[in-house]
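Hi,

Here is the structure I promised to pass on.

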Amino acid sequence: MIEIENLSVKYGNNIALENINLKLEHPSLLVIMGPNGAGKTTLLKSLLGLVEYEGKIRIFGKKPEEARDMIGYMPQRDRVNTNIPLRVKDVVLMPLLSKYYFGIRLQDVKNAKKALKRVNMLHYWDKNFSALSGGEQQRVFLARVLAQNSKVLILDEPFSATDVATKMKMAKILHILKRDKTIIIVTHDVNPLVECTDKILLLRKRIIAYGTVPEVLREENMERLYGVRVPIIRRENVCYVVGGDVHLRH
Ligand SMILES: Nc1ncnc2c1ncn2[C@@H]1O[C@H](COP(=O)(O)OP(=O)(O)OP(=O)(O)O)[C@@H](O)[C@H]1O
Ligand SMILES: [Mg+2]
């Protein structure tokens, strides 16, 4: 279970997050949406203890810096140097390595292979990571998180650069995983996830809305979030967002 109380983050004089309060049950899947610069990545980094914050965060009762071992983190693609001279297997095995002082265990290799197979990338095991396409690299990054078998997954724009089939495949994997994990996903494209999302958070420095998909995905909320009209299509109990990205004006 994740609890956030009165969370605020500043970078110098720039307020990135203001008075965030939320509770998330375990297991569940939370989607965070908001315009560029809304503080989405900052919120994830607060949960990981990677930024200084005011307020209280508890992850299964622990502070972020003590909960790090429970969390698998997939950073936002444009913040990662993908020119690293590593092979695919190294990228996936790296977080497993750091857990032990005596090197790789056979079980780690098995977990890494299983995770790559799940995202259809096992045949690239020995390939140079930097030679892969953007979407292929995203799949390897997802496999890297899956191989850690963490209780909590934090994924920052996992679908970026992926084609529609890969998005659907990733969403299916996440749907299965959320049976016994808490998954937090920042995305500009909620549509592949609407059927497995338990809660949505609309964020624009402050919380614009927080609740279930039918409660939150409403045109008036989207307009408050993005400052423009974003049509929503409702079909039975599912909603889909029609529209692209908007940049937050300061
Ligand atoms: N390390 C940093 N130093 C100073 N300012 C920062 C830093 N990281 C983020 N910011 C600022 O904080 C605000 C929120 O940034 P953040 O990266 O959390 O936004 P985001 O919602 O993830 O946006 P995007 O959709 O573009 O990824 C922005 O105004 C950004 O310029
Ligand atoms: Mg971001």
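**Notes on the model**

Let me start with Val152, which sits in strand E6 (residues 152-156); helices (H or I, at least four residues) and strands (E, at least two) are DSSP runs, numbered from the N terminus. Before going on, the ground rules: this is a predicted model, where local features need pLDDT of at least 70 and side-chain atom pairs count only at pLDDT 80 or more, while totals for chains, interfaces and linings use all residues. Residues are numbered from 1 along each chain as its sequence is written, chains are lettered from A and ligands numbered from 1 in the order in which they are written, and side-chain values use heavy atoms, with hydrogens and water left out.

**Around Val152**

Val152 has a relative accessible area of 0%, so it is buried (buried means under 20% relative accessible area, exposed over 50%, partly exposed in between, with a 1.4 Å probe and protein chains only). Beyond its neighbours within four places in sequence, Val152 is in contact with Ile2, Ile59, Phe60, Met70, Ile71, Gly72 and Thr182, contact being heavy atoms within 4.5 Å. Ser130, by contrast, is 22 residues from Val152 in sequence and 28 Å away in space, C-alpha to C-alpha.

**Strands**

E6 pairs with E5 in the parallel sense over four bridges (two strands pair if DSSP finds at least two bridges between them). Tyr73 has Ile154 in E6 as its bridge partner. E5 is covered on both faces, with Ile71 and Tyr73 buried on one side and Gly72 and Met74 buried on the other.

Strand E1 (residues 2-11) has two antiparallel pairings: seven bridges to strand E2 (residues 14-24), and five to strand E4 (residues 54-59). Ile4 stands opposite Leu22 in E2, and Ile2 stands opposite Ile59 in E4. E1 and E2 make a hairpin with two residues between them, and Gly12 in the turn has a positive phi of about 60°.

**The magnesium ion**

What coordinates the magnesium ion (ligand 2)? Thr41 (OG1) and Gln76 (OE1) do, at 2.0 to 2.2 Å. They come from distant parts of the chain, 35 residues apart: Thr41 is in helix H1 (residues 40-47), and Gln76 is in the loop between strand E5 (71-74) and helix H3 (88-97). Both Thr41 and Gln76 are buried. Donors here are N, O and S atoms within 2.8 Å of the metal (3.2 Å for Na, K and Ca), and water is not among the atoms, so sites may look incomplete.

H1 itself is mostly covered, with seven of its eight residues buried. After H1 comes Gly49, with a positive phi near 70°.

**Salt bridges**

A salt bridge is a side-chain nitrogen of Lys or Arg within 4 Å of a carboxyl oxygen of Asp or Glu, and by this rule there are nine. One of them joins Asp189 and Lys167, with the closest N and O atoms 3.3 Å apart. This pair also links distant parts of the chain, 22 residues apart: Asp189 is in the loop between strand E7 (182-186) and strand E8 (199-204), Lys167 in helix H6 (residues 164-177). Asp189 has 23% relative accessibility, so it counts as partly exposed.

Another pairs Arg218 with Glu220, where the closest N and O atoms are 3.4 Å apart. Arg218 counts as partly exposed because its relative accessibility is 35%, and Glu220 does at 49%.

Over to you!
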